[in-house]
Amino acid sequence: MISKHDIQAFGEKHRILLQGDEFIYILPHHALRTHIADYTITFPTKDFMSDRTTILSYGSATLVIESTAKKLSIKLFGPSVKPCLIGNTPSEMIVTIDFRPAGLYALTGISQSELTDKAFPFEEINFSLSKLLSEAIEKATSVSRLVTNLDILLLESMSTIYPPQLNLVFQNVFNSAGNIAVKKLSDDIHYSERHLNRMFKQYVGTGVKTFTRLIRMNVACHLLQNCKNSVEIVSELTGFQDPSHFVRDFELICGITPKTYRDNMSDFHNEIAMSLMYIEDILKYTQQRRAKK
């Protein structure tokens, strides 16, 4: 079993998204990046994870592998449309696989509406892959070896195809930082809004409008991390007509006000901020909106 001292020894620097003493975010194999955002390896401490640690999702699923001295457990968190409190954990090591929208469908072939905001032991979904993942964790002697094993297992397991038009929809949503109408998205792929919503329910687990709002609020979280951006500025940059509407929507999606988020940022992990691809789209979009002012 690897230890936190192995984090610094990971040699593929071009794959590292973020790194610290207790954690590392790593890009998956390039052939998996349509379906998986990153792997995270964490050695949690009380200082690093508080009892209030909460994940702010963007409609994606997460596979969480927790290891202690006595056992290893794997839990699947289906596509989430609301904040998920994970708190502190007694685990010695946590490995997470963060899926992109529709990425879990590609792995399981299960309609995502059946999994939304639910959690399952992963062995109930895919017993053989759950066993192989457990073995990969237990036998890994380095972070590099573990990541290679994850790449191989997931490349062999991603077999279900979803409509390629969805990738264009996802890209348009991220390019606009979630500030785009459902009609525009459906027109771009020549589908009716009803059919597009039906596809989203099956492959993503939520409706299109809910998905765009999740992205919009995650973008707001990222902008709020810059102390120079007031709530009014963030409201403007995310396309709201007035700050009160923004605050209401933020609280509806995130469960807290923008001010509370800013005052307690260390208690929150917003997944979209971990993806370089999405960050580039966010910055490009906000720069364009600033230029128009």
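Helix α7 gives the largest share of the lining of the second largest pocket, at 4 residues. Helices here are DSSP runs of H or I with at least four residues, numbered from the N terminus. A pocket is an open set of points on a 1 Å grid over the protein atoms alone, with protein on both sides within 12 Å along at least five of seven lines, and lining residues have an atom within 4 Å of a point. The model is predicted, so local features need pLDDT of at least 70 and side-chain atom pairs pLDDT 80 or more, while totals for chains, interfaces and linings use all residues. Residues are numbered from 1 along each chain as its sequence is written, and side-chain values use heavy atoms, with hydrogens and water left out.

This second largest pocket holds about 180 Å³ of space, a volume being the space filled by probe spheres set on the points, which are joined across faces, edges and corners. Both α7 (208-224) and α9 (243-254) supply at least two lining residues each. Among the lining residues are K209, R213, H245 and D249. By class, the lining splits into 3 nonpolar, 4 polar and 4 charged residues; Ala, Val, Leu, Ile, Met, Phe, Trp, Tyr, Cys and Pro count as nonpolar, Asp, Glu, Lys and Arg as charged, and the others, Gly among them, as polar.

Elsewhere, L166, V169 and F170 of α4 meet L196, M199, F200 and Y203 of α6, contact meaning heavy atoms within 4.5 Å. That contact has 7 nonpolar residues, with no polar and no charged ones.

Technical notes. 1 Å grid on protein atoms, 1.4 Å probe; cavity = no way out; pocket = protein on both sides within 12 Å on 5 of 7 lines; lining within 4 Å.
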